[in-house]
Amino acid sequence: MKSEIHIPSDALKPYIASYVIQESIEERIYKVLPDTSVVIGFQYKGKLSYVHTQKETPLDISGISGLADHYKIFKSSANTGSILIFFKEGGASAFFKQRIHEIFRESISLDNFILRSELLVLEEELSAGRSVKAKIRVVENFLKSRLRISRQDNLVISTL
């Protein structure tokens, strides 16, 4: 598996820790350890499944995972490519009206947060992107269009 870490643009650095591009030529099963960040994932090729008690559940092309207190097992098909957005603690709330804490331990379709029609356009643009830079540009434009500038709660920020 090939994995590349990319730094967000200055406008998104307060909210986004990093972007990770993952590509796998072969089918693969892997563990994802618990973390303190919300993660959005887009598969621009191939398929992913969540594996629990030896049962595979196919995941949507675009998904969001909340904070977790246990590891998860995923399976990628052969020739899978994904871009992952790792938010800083509290950063995801700047992009969504919904309460992000409600997806604790969950990995759900992103269309629970974004209109399906908007998501289809984004997924198509990601698949069409010829380079990693082009894919990151698509994701950054998407994030910038959703950014809701609000007053930060200094108590929450200092606690984090």
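Is Phe-113 buried or exposed? Phe-113 is buried, with a relative accessible area of 9%; buried here means under 20% relative accessible area, exposed means over 50%, and partly exposed is in between, using a 1.4 Å probe and protein chains only.

A quick word on the ground rules. This is a predicted model, where local features need pLDDT of at least 70, side-chain atom pairs count only at pLDDT 80 or more, and totals for chains, interfaces and linings use all residues. Residues are numbered from 1 along each chain as its sequence is written, and side-chain values use heavy atoms, with hydrogens and water left out.

**Strands side by side**

Let's start with strand S7 (residues 62-65). Helices (H or I, at least four residues) and strands (E, at least two) are DSSP runs, numbered from the N terminus, and two strands pair if DSSP finds at least two bridges between them. S7 runs antiparallel to strand S4 (residues 39-45), and 4 bridges join the two. Across that pairing, Ser-62 in S7 stands opposite Phe-42. S7 also pairs with strand S10 (residues 107-109), again in the antiparallel sense, over 3 bridges. There, Gly-63 faces Ser-109 in S10.

**Rings that meet**

Now for the aromatics. Rings of Phe, Tyr and Trp (its six-membered ring) pair if their centres lie within 6.5 Å; planes under 30 degrees apart count as stacked, over 60 as edge-to-face and the rest as tilted. The whole structure holds 6 aromatic pairs. One of them joins Tyr-15 and Phe-95, edge-to-face, at 5.6 Å centre to centre and with 85° between the planes. That pair links distant parts of the chain, 80 residues apart: Tyr-15 is in the loop between strand S1 (2-6) and strand S2 (16-24), while Phe-95 is in the loop between strand S9 (80-87) and S10. Tyr-15 is buried at 14% relative accessible area, and Phe-95 is buried too, at 1%.

Phe-96 and Phe-113 make another edge-to-face pair, because their ring centres are 5.4 Å apart and their planes sit at 65°. Phe-96 lies in the loop between S9 and S10 and Phe-113 in the loop between S10 and helix H1 (116-128), so the pair ties together parts 17 residues apart in sequence. Phe-96 is buried, at 2% relative accessibility.

Ring pairs also gather Tyr-15, Phe-87 and Phe-95 into a cluster.

**Charges over rings**

A charge sits over a ring if NZ of Lys or CZ of Arg is within 6 Å of the ring centre and within 35 degrees of the ring normal.

| Charged residue | Ring | Distance from ring centre |
|---|---|---|
| Lys-31 | Tyr-71 | 4.3 Å |
| Lys-135 | Tyr-44 | 4.2 Å |
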